[in-house]
Amino acid sequence: MSKKVMRVAVTGGAGQIAYSLLFRIASGELFGPEQPVALHILEIPQVEHALAGVAMELFDCAFPTLADVVYGTDAKTIFKDIDLALLVGASPRSKGMQRKDLLAQNAKVFIDQGRALNEVATKDTQVLVVGNPCNTNCWTTMKCAPNLDPRNFHALTRLDQNRGAYQLAHKAGVSVEDVQRMLIWGNHSATQVPDFLNAQINKNPVKEVIKDHHWLENEFFEILQQRGAAIIEARGKSSAASAANAILDAVKALREPTPSGEWYSDCVLSNGNPYGIEEDLIFSFPCESSGDGKWEFVHGLKMDAFLEEKLSITQQELIEEREYVKKLIKE
Ligand code: NAD
Ligand code: LMR
């Protein structure tokens with residue numbers, strides 16, 4: 001393999017999501033069999049020993065694509081020379097909590113990591129925030145890393161998109177491959193907006209295929225908005241393997257040209273968006289990529305009163321989270 005090594009930071013390396021994610025990246029699944037990859041793994045000192053065990057297991061897989069593993073507890077050391085940062089490490093919620101209840105405890109993680117990225121990462125480093133509440137944590141990281149390109153900051157709603165595709169396929173009795181243009185708008189939270197107006201099944205509008213519009217407007221929304229909580233209730237822990245899978249999908253979406261007429265959900269900086277969403281939010285939009293990490297908003301999606309009302313609710317929640325976290329950044 002003569003290609004330059006791709007350096008990927010993963011935070012929360014001893015946690016649940018990382019235990020699935022790291023091995024899938026190291027195996028070559030994300031960047032292909034010809035691309036050597038180095039993992040830069042960050043943890044907190046309390047679990048450094050467990051992290052050493054994860055590193056041992058990575059070595060023991062003898063993946064030909066795994067060029068290097070750097071691990072430790074100092075963000076500036078770990079973030080040096082990276083191409084991509086997957087910011088997973090943060091507390092998960094437990095039963096009965098909303099994701100935004102994590103803001104007070106998790107914001108500091110992203111303030112510190114944003115500042116570390118600002119000092120040692122290059123302008124072109126891509127950043128994907130997963131730790132919840134991921135949209136606002138992404139906003140915080142971006143604000144604390146002004147040397148990086150704000151368009152390179154992303155938060156994860158791909159898991160919600162995948163969940164939506166499954167639910168639509170299941171309801172219509174088709175394969176997930178038959179669902180196109182599934183989209184989540186807004187916040188990765190209980191106000192997220194799964195868009196059934198613009199989604200398609202076998203290229204037909206979802207509303208023509210699924211005639212049960214009551215289900216679309218009610219149960220479909222409820223299932224997606226509460227899916228994370230349902231998994232916590234059932235497993236006693238939050239989603240992990242499906243989250244890792246969605247992280248891979250989200251990174252691939254930026255690295256592969258989006259097929260014509262398609263889009264994917266990505267939480268990105270709202271500045272210049274064509275849907276009238278307030279600027280300076282990390283908001284999930286329909287996006288398309290040219291395949292080189294660059295992306296654009298997809299224009300021209302249909303709106304109706306139902307969708308507009310839901311968008312304004314999720315926008316308001318993000319504004320409130322942003323205003324709350326602004327105070328924490330100043331402290
Ligand atoms: P986990 O508790 O199993 O692991 C989190 C790890 O992060 C722990 O090992 C912890 O020590 C580490 N950590 C905490 N602070 C850190 C810091 N400052 N630097 C580096 N590491 C740090 O949790 P998990 O199940 O892996 O979930 C991680 C986060 O991802 C949670 O906030 C969870 O809510 C979120 N999540 C988001 C999505 C999404 O779709 N956006 C999906 C699933 C989970
Ligand atoms: C999810 O959607 O599964 C994650 O955000 C975890 C959670 O707290 O719901």
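How many salt bridges does the count come to? Keep that question in mind while you look around this predicted model, and take the answer with you as you go: the count comes to 13 salt bridges.

**First stop: a salt bridge between two strands**

Select aspartate 68 and arginine 7 and show their side chains, which meet in a salt bridge with an N to O distance of 3.7 Å. Aspartate 68 belongs to strand E3 (residues 66-72) and arginine 7 to strand E1 (residues 6-11), so this pair ties together parts that are 61 residues apart in sequence. As background, side chains of opposite charge can pair when their charged atoms come close.

**Second stop: the two domains**

Now colour residues 6-155 as domain 1 and residues 158-319 as domain 2, the two domains into which the protein is divided. Where the domains touch, 36 residues of domain 1 are in contact with 41 residues of domain 2. The area buried between domain 1 and domain 2 is about 3100 Å², and carbon and sulfur atoms give 56% of it. In domain 1, pick out Arg99, Asn135 and Arg151, the residues that lose the most area to domain 2, together making up 21% of what that side buries.

Stay at this boundary and turn to the polar links across it, where the count is 4 salt bridges between domain 1 and domain 2, along with 14 residue pairs in polar contact, both residues being at pLDDT 80 or more. On the side of domain 1 that touches domain 2, the elements that give two or more residues include helix H1 (16-26), strand E4 (84-87) and helix H5 (134-143). By class, the side of domain 1 that touches domain 2 holds 19 nonpolar, 9 polar and 8 charged residues.

A further pair to select is glutamate 233 and lysine 95, which form a salt bridge whose closest N and O atoms are 3.9 Å apart.

Centre the view on ligand 2 and show the residues around it, among them Arg93, Asn132, Leu159, His188 and Ser238. Arginine 99, which you have already selected, places a polar side-chain atom 2.9 Å from an oxygen atom of ligand 2. Arginine 163 has a polar side-chain atom 2.7 Å from an oxygen atom of this ligand, and an N or O atom in the side chain of serine 239 is 2.7 Å from a ligand 2 oxygen atom.

Which residues come nearest to ligand 1? Of the 26 residues around this ligand, those to select are Gln16, Glu43, Ser91, Val130 and Asn132. For glutamate 43, look for a polar side-chain atom that lies 2.5 Å from an oxygen atom of ligand 1. With glycine 12, turn to the backbone instead, where an N or O atom lies 3.3 Å from a nitrogen atom of ligand 1. In the side chain of glutamine 113, an N or O atom is 3.1 Å from a nitrogen atom of ligand 1.

**Last stop: two details of the backbone**

Select asparagine 132 and proline 133, which are joined by a cis peptide bond with omega about -10 degrees; proline 133 sits in the loop between E5 and H5. Then move to alanine 62, in the loop between helix H2 (48-60) and E3, where phi is near 50 degrees, a positive value in a residue other than glycine.

Technical notes
Residues numbered from 1 in each chain as written. Chains lettered and ligands numbered in written order. Predicted model: local features only at pLDDT ≥ 70, side-chain atom pairs only at ≥ 80, totals over all residues. Heavy atoms only, no water. Domains from an automatic or database assignment. Contact = heavy atoms within 4.5 Å. Buried area = accessible area lost by both parts, 1.4 Å probe. Polar contact = N/O pair within 3.5 Å; in protein donor to acceptor, adjacent residues only side chain to side chain. Helix = DSSP H or I, 4+ residues; strand = E, 2+ residues; numbered from the N terminus. Nonpolar A, V, L, I, M, F, W, Y, C, P; charged D, E, K, R; others polar. Near = heavy atom within 4 Å.
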